[in-house]
Amino acid sequence: MKGTRRTRLCLAGVMAASTLIATPARAAERTDGHLADLVNPFIGSQNEGNTFPGAAVPFGMVQFSPDTGHFAGYDYTQNRIRGFSLVHLSGVGCRIGGDLPVLPTTGEVAQTDYTKYAAPFSHQDEAASPGYYRVGLSSGIRAELTATERTGVQRYTFPATDKANILLNAAQALHKPVSATVEIIDDHTVRTEISGHGFCRDTGPYTVYTITRFSRPFTAYGTWDGQSVTPGSRSGHGGAYVRFDTRGDRTVEATTALSYVDSRGAAGNLAAEGGRSFDAVRERARAEWESRLAGVRVRGGTSALRRTFYSSLYRSFLAPNIGGDADGRYTGWDRRTHRADGFTYYQNWSLWDTYRTQVQLLALLAPREARDMARSVVAVDEDGGWLPKWGYGPVETNVMSGDPVTPFLTTAYQTGLLKGFEERAYRALKKNADGVPPAEYPGIGRDANAEYLAHGFAPYVPDRPLAKMGDSDYHHGASVTLEYALADAMLAQMARGLGHAADAARYAARAQNYRNIFDPTTGFFRARDASGAFTGSADPARGTGFHEGTGWQYQWLVPQDVPGMVRLIGGEHAANDRLDSFFAYDKLLADPARTAREVWVHGDAYDYYNAAMYNPMNEPDLIAPYTYLATGQPWKTTDVVHAALTLFTDGPTGITGNDDLGTMSAWNVLSSIGLFPIQPGYGTWGLSTPVFDRVDLALDRRYWPSGGLTIAAPGTSATVRYIQAVRTDGTAHGRTYLTNDALRSMRSLAFTVGSRPSEWGTSPTAAQPVLR
């Protein structure tokens, strides 16, 4: 999800990515040879990748990271830190988080606006690795950050002074503040309550509660309201400062616990996860990341390729985030307190993005957590009355369009993650697919559903007023029709598996609604207005009604029925000609990396419209390269995928566009190992040539009985990349895809590669299944 921000991507900056690898933006160096050493958290922190370099553990509630003033928190081109705050979402396209920025200072406390007291720093004195961040400030203070699931732990090393301060700014954040209170509880402890809203447009407010415990007593303290600082005050509505004498011991440590429930929850989280030294927390965070990254072992490839890969794998595990407290309590979407029974409650659902890649990667590599995530989404419905669309904390944002929650949950079903509550999930999905939320509910669901069900398409009504905050499906009728139809296809498969035959037939019929927006006069999908007439420009590059894309880019979003879509276009020959034009295939063969950077990515990377070319940086096109697997030319999938992979590098500009809570990173991981979910919401994995000689996946036997999968492609390279043959557990495999059922028992997937395309995967029976 790229949001509505139109930020120009400097092409010169992108082209300089290879030189930036050698800049001071780097992982904190270790010599023990662990996989964590390959991760560079600064990747994506420049040119609107919108990642953060700070400390977190996998799926943690806390992401403790510096804020330099960018709307997403950290911009590598900036050189002043406003504070180290607790909440960041990796790669989002709108303002959110940044709660409780904390900054160490010396001297008198005279400023209360963090844009004025922000501390200069240099990248020469900054480093990060999974679970750890450090920086030297120009004031002579060294700041270090680490984290547990629900706490952020900080260590500050001051110059020798009797006025070493730590500022806790409760009233400023990346989001739009609503209210804040701060209290000095005793000579070691500060408590806050912070409410805010934001994210593209104002959401309903949410509240976070924090409690910070310092390693030694304050020598002085005070609070502020607005610009008025009151020494000795114990409460305020702006922020607080606490002071230490560092003429002897120059180090101050503190642990801040977070809760979305109440102050008691924050105190409980502190009791459950606090009390350890900074170094002990740092080592444990690193061990957690090492264990998580060790689920994928690669051999071969360049060192830069391995750094890029493991950095993408790292970002894929940053979200969704734990939303419940250590005692199991969480704030539901009804704004009431609930308790998770037998599972961990998660939140932050960038579903329009993640349903295409990250959901499947987590189902493969983190199924225990993915199961709890699916249970959490069902809980959103059961607590609040409807399934989410784009959820931040305990609130709906209504950002983006379509019906992304359906392929999210049907992916979980197809992977076996819903066992024990399949029918509960199905009831929620059926309600979502067949209706619209009531007026009093803040979410919009499938808000163009009435017309879609009555006429077989969502109308494009650009001047329809917004009934609720966020986006409206009526403003994107063409792409919404494709998204609804995709969701219906996936729900039909779940209904069939659960024995709901009538529902399955009904949803399968609706899955063909994509045909209703195909304009035979242009040969492309096109928006229709409320009367049913095609509307907007007949030029598919300039048409209307597509969300962050064009008719060219959305024409391939029919994973449930690629052969049917190809027939509409005019058959395989016509489809392949169109694909070749879309990917500038002739130029790609001559110079893949240059084609990716100068033909696909050109001008304003956040201007999604008026384009007839592949956009590798945004979600509608993530599946597009794999269309060749169904058109008899599977080698071209590898050509396009490997060209797109060159856009991922190991410097700050190493992600071309928002990472969207791990979506783009998961695309990189999956495409690099040669397995891609070509039917999101169903268990079909497309095959392309891996970029590594060997990949070993450690799999959870409870969900993947084989316990592990080895993917081998000996000799793969930029020039030796074409599949000659595929063998699964030693048996020849001629299809261009695998299924979940096959992966569950499979131990080895072996690619034989060569320097020229072969006949592999070109037979009519090789392509992916049609979902009826």
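Two strands are said to pair if DSSP finds at least two bridges between them. Strands themselves, like helices, are DSSP runs numbered from the N terminus, with at least two residues (E) for a strand and at least four (H or I) for a helix. In that sense, β6 and β7 pair in the antiparallel sense over four bridges.

Before I continue, a word on the source. This is a predicted model, in which local features need pLDDT of at least 70 and side-chain atom pairs count only at pLDDT 80 or more, while totals for chains, interfaces and linings use all residues. Residues are numbered from 1 along each chain as its sequence is written, and side-chain values use heavy atoms, with hydrogens and water left out.

Let me stay with β7. Val135 stands opposite Ala143 in β7. β6 and β7 form a hairpin with four residues between them, and Gly140 in the turn has a positive phi of about 95°. On to β8: a hairpin of three residues joins β7 to β8, and these two strands pair in the antiparallel sense over six bridges. Here Thr146 stands opposite Val153 in β8. Is β7 mostly covered or mostly open? Five of its six residues are buried, where buried means under 20% relative accessible area, exposed over 50%, and partly exposed in between, with a 1.4 Å probe and protein chains only.

These strands belong to an open sheet of ten, in the order β2-β5-β6-β7-β8-β17-β12-β11-β10-β15, with antiparallel pairing. β2 (80–81) and β15 (235–236) stand at the edges with a single partner strand each, so one side of each has no neighbour in the sheet. β2 is joined to antiparallel β5 (residues 119–129) by two bridges, and Arg80 stands opposite Pro120 in β5.

Two helices pack on this sheet. Helix α4 (residues 263–273) touches β8 (151–157), β11 (189–197), β12 (206–214) and β17 (251–259), and its direction makes about 130° with that of β17. Helix α5 (residues 278–293) touches β5, β6 (132–137), β7 (142–147), β8 and β17, at about 50° to the direction of β7. Contact means heavy atoms within 4.5 Å; axes are lines fitted to C-alpha atoms, for helices over the stretch in contact, and angles run from 0 to 180 degrees between N-to-C directions.

I turn to the nonpolar cores, each a set of buried Ala, Val, Leu, Ile, Met, Phe, Trp, Tyr and Cys residues joined through side-chain atoms within 4.5 Å. The largest has 219 residues, and Trp600 and Trp667 are among those with the most contacts inside it. Helix α13 (residues 477–497) gives the most to this core, with eleven residues. A second, separate core of five residues includes Tyr209, Ile211, Ala266 and Leu270.

Finally, the helix α20 (635–645). Ten of its eleven residues are buried, among them Asp639 and His642. What covers the buried residues includes α17 (572–582), α18 (585–590), α19, α21 and β32 (722–728). Which helix supplies the largest share of the lining of the largest pocket? That helix is α20, with four residues. Of the 21 lining residues, the closest to the centre of this pocket are Leu305, His642, Thr646, Val691 and Ala718.

Key. On a 1 Å grid over the protein atoms alone, a cavity is a set of points where a 1.4 Å probe fits but cannot get out, and a pocket is an open set with protein on both sides within 12 Å along at least five of seven lines; lining residues have an atom within 4 Å of a point.
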